Amino acid sequence: SGLDLAMTDNRLYASNEAKILNQTETQITISEEGLGAYTVVPTTTKSADGSEVATREDYLIFIKEFEKIAQENPDIKMINTALKGALIQGMTYQTMEKSVKNLKNIEMDLDSIVKKATSSKLEIFKKEAVKMLLQTKESFEKVKNTIKQAVSLATELIAELSSEKPDLEKFQKTYESSKEAFSTARTFPTQDLILSTYMQAEIADFINSYNKESQLSLEKVKENIETEKKLFEKTLDSIKLITEMINDVTK
């Protein structure tokens, strides 16, 4: 099939139903009938011809899933006719004309095939889905205390800079000791697949609000720490909510 999974010719879909409201290097705001406005993160990946092609971060998840399907079914030849699309390892890329040229006429009962495939694959999917959710919950538990520590350190740093006469030596010492916790708390919501999808708006807000100048005043440093603290707190709230949902699903 024509499995593109790329923004070929800078278009999100083959149809024109999705309208791009705003596009920057870090995010694309889309309006789509029935879904309203939402944000996706642009990136690149290898195309079938070996070049780099524009795509979306969530499409990378689909690419990995299709590669897994191809790997688990080596006896099935999978043909992709999207020659300009994203490269999916395990698929053969050729035109539709070449693909159908030597097909034989065969009789098949599609209803029975679909029924059989659905019943067998559904149980496998359920097991894999539950496994993935439990792994997500486990990773949340491992990082949760570090993010709480980052919130506490951020609160301490903001309080120091908010005082009438900040103790800059004390601030610098606390700031240096907070770097590892801040780094973990800052990157985790972008690296976890479920969390990064759930927190797209918050991550985009963090990227847009963070001051990136090389030389910052104390006020700007304080604003950055406040922005980070907001992201950390949103991450903890999201982890709690998603964990509750996982508990309900995996009971």
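This is a predicted model: local features need pLDDT of at least 70, side-chain atom pairs count only at pLDDT 80 or more; totals for chains, interfaces and linings use all residues.
**Entry 1**

I started at Ile-239, which touches Phe-140, Val-143, Lys-144, Ile-147, Phe-188 and Leu-195, leaving out residues up to four places away in sequence.

The largest nonpolar core has 28 residues. Those with the most contacts inside it are Ile-147, Phe-182, Phe-188, Leu-195, Ile-225, Phe-232 and Ile-239.

**Entry 1: the whole chain**

I stepped back for the layout. I count 7 helices and 7 strands in the chain. Read along the sequence, the pattern goes β-β-β-β-β-α-β-β-α-α-α-α-α-α. Of the 251 residues, 32% count as buried. I also checked the contacts between residues at least 6 apart in sequence: 55% of them join residues at least 24 apart.

A reminder to myself: an α-helix has 3.6 residues a turn, so residues three or four places apart point the same way.

I checked the span of this helix too. Helix 1 (residues 57-72) has 16 residues and runs 24 Å from its first C-alpha to its last, close to the 22 Å expected at 1.5 Å a residue.

I find Leu-5 in the segment before strand 1 (19-23). Buried or exposed, I wondered about Leu-5? Leu-5 has a relative accessible area of 12%, so it is buried.

**Entry 2: Gln-94**

Gln-94 lies in the loop between strand 7 (91-93) and helix 2 (96-101). Its relative accessibility is 13%, and because the cut-off for buried is under 20%, Gln-94 counts as buried. What does Gln-94 touch, not counting residues up to four places away in sequence? I get Ile-79, Asn-80, Thr-81, Leu-83 and Ser-99.

Ala-181 is placed in helix 4. With a relative accessible area of 5%, Ala-181 is buried. I listed what Ala-181 touches, again not counting residues up to four places away in sequence: Thr-146, Gln-149, Ala-150 and Leu-153.

Ala-181 and Val-143 are 38 residues apart along the chain, and their C-alpha atoms are separated by 9.6 Å. Asn-145 and Ala-181 are 36 residues apart in sequence and 9.5 Å apart in space, C-alpha to C-alpha.

Asn-145 lies in helix 3. At 55% relative accessibility, Asn-145 counts as exposed, whereas Ala-181 is buried.

**Entry 3: helix 6 against helix 7**

How do the axes of helix 6 (residues 200-209) and helix 7 (residues 218-249) cross? They come within 10 Å and cross at roughly 170°. Angles over 145 degrees count as roughly antiparallel, so helix 6 is roughly antiparallel to helix 7.

On the helix 6 side, I see the contact made by Glu-202, Asp-205, Phe-206 and Ser-209. Helix 7 brings Thr-227, Glu-228, Lys-230, Leu-231 and Lys-234. I sorted the residues of this contact by class and got 2 nonpolar, 2 polar and 5 charged.

**Entry 4: Leu-193**

Leu-193 is found in helix 5 (residues 193-198). At 49% relative accessibility, Leu-193 counts as partly exposed. I checked Leu-193 against Asp-58: they are 135 residues apart in sequence, yet 8.5 Å apart in space, C-alpha to C-alpha.

Note on methods: Residues are numbered from 1 along each chain as its sequence is written. Side-chain values use heavy atoms; hydrogens and water are left out. Axes are lines fitted to C-alpha atoms, for helices over the stretch in contact, and angles run from 0 to 180 degrees between N-to-C directions. Helices (H or I, at least four residues) and strands (E, at least two) are DSSP runs, numbered from the N terminus. Angles under 35 degrees count as roughly parallel, over 145 as roughly antiparallel, 65 to 115 as roughly perpendicular and the rest as oblique. Contact means heavy atoms within 4.5 Å. Ala, Val, Leu, Ile, Met, Phe, Trp, Tyr, Cys and Pro count as nonpolar, Asp, Glu, Lys and Arg as charged, and the others, Gly among them, as polar. The expected span of a helix is 1.5 Å times one less than its number of residues. A nonpolar core is a set of buried Ala, Val, Leu, Ile, Met, Phe, Trp, Tyr and Cys residues joined through side-chain atoms within 4.5 Å. Buried means under 20% relative accessible area, exposed over 50%, partly exposed in between (1.4 Å probe, protein chains only).
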